Amino acid sequence: MAAKKREKDQDSDFTKITPALLKSTAGEFELESILILKLRSLGIFDLGCVGECKNLERLDLSGNNITNLTPLASLRLLLVLNLSSNRISNLEPICNCDSLQSLNVAGNLISSIENLQCLQSLRKIESIRLKDNTYNYTNPICKNSSYRNVLLEMLPSLKVVDGERVVGRGSDLYQLCKDIDDTIKAGTLKNGQMQELPECKPWVEDGFWEIKRSNNAIIEEACKQFNDILSECRLLNHKAANVITQTERTLSSNSQPKQYAV
């Protein structure tokens, strides 16, 4: 009976976050000292005292049975939050996480745009994931193809949606590759041949790759002076190498033991 009770107590420790679990996982003596927490696939359904980790910056709670996010409301310094593969339908407590930059809620029960309205207060959010094709994680809301556009309008700071870069450096190239991929997938065979596609236009204008010489006399003179200085440096380096070689030879000959005739 004692053994069964002990096993039951251990199970309960994993289903609810306790100070002991947090300290042992993070290797810290104080909850406020914890900056990073990884609590994946532990069967957790009660977030318990996680809100006491006031300085927490990265939190991974993926693969659990979480439904209530209320304890997360006090994590004002949280930057990255992974809640994928849980049973979450209400995201309101997260709206208090002012510093949040990355949010992963793929594989949950978020069913409508209204469930996302509370995220408008997250002014620093740059990445959000509601769907992850790698693990077949999704949400009911993803059946509505317009949810991505709504997210972009609602959260102007967003740069990445569902792992796809939509704004910023690299987004144009990503969109181009995506369009090509979609075109290939959408292509159908007609009479045994691929349907004729529209004529492709060059990516850049003619002469884009040509090296254009500057007519600015100041720049040309600066380049000339730089090349002259570079030549002098090479000459000095050559002279220094010769001096070092001669010095090494002299020291080597002086170090040899003298021989006396008998």
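**View 1. The buried residue Asn139 in a predicted model**. Asn139 has a relative accessible area of 3% and is therefore buried (under 20% relative accessible area; 1.4 Å probe, protein chains only). Asn139 lies in the loop between β5 (127–129) and α3 (147–154); helices (H or I, at least four residues) and strands (E, at least two) are DSSP runs numbered from the N terminus. This is a predicted model, in which local features need pLDDT of at least 70 and side-chain atom pairs count only at pLDDT 80 or more, while totals for chains, interfaces and linings use all residues. Residues are numbered from 1 along each chain as its sequence is written, and side-chain values use heavy atoms, with hydrogens and water left out.

**View 2. Surroundings of Asn139**. The Asn139 side chain reaches the backbone nitrogen of Asn108 at 3.2 Å and that of Ile110 at 3.0 Å. Leaving aside residues up to four places away in sequence, Asn139 touches Val105, Ala106, Gly107, Asn108, Leu109, Ile110 and Leu130 (heavy atoms within 4.5 Å).

**View 3. The open sheet of seven strands**. The order is β1-β2-β3-β4-β5-β6-β7, with mixed pairing; two strands pair if DSSP finds at least two bridges between them. Because β1 (36–38) and β7 (164–165) stand at the edges with a single partner strand each, one side of each is left without a neighbour in the sheet.

**View 4. Pairing of β2 and β3**. Strand β2 (residues 58–60) runs parallel to strand β3 (residues 80–82), and three bridges connect the two. Arg58 has Val80 in β3 as its bridge partner.

Technical notes
Buried means under 20% relative accessible area, exposed over 50%, partly exposed in between (1.4 Å probe, protein chains only). A polar contact is a pair of N or O atoms within 3.5 Å; within protein, one must be able to donate a hydrogen and the other to accept it, and residues adjacent in sequence count only if both atoms are side-chain atoms.
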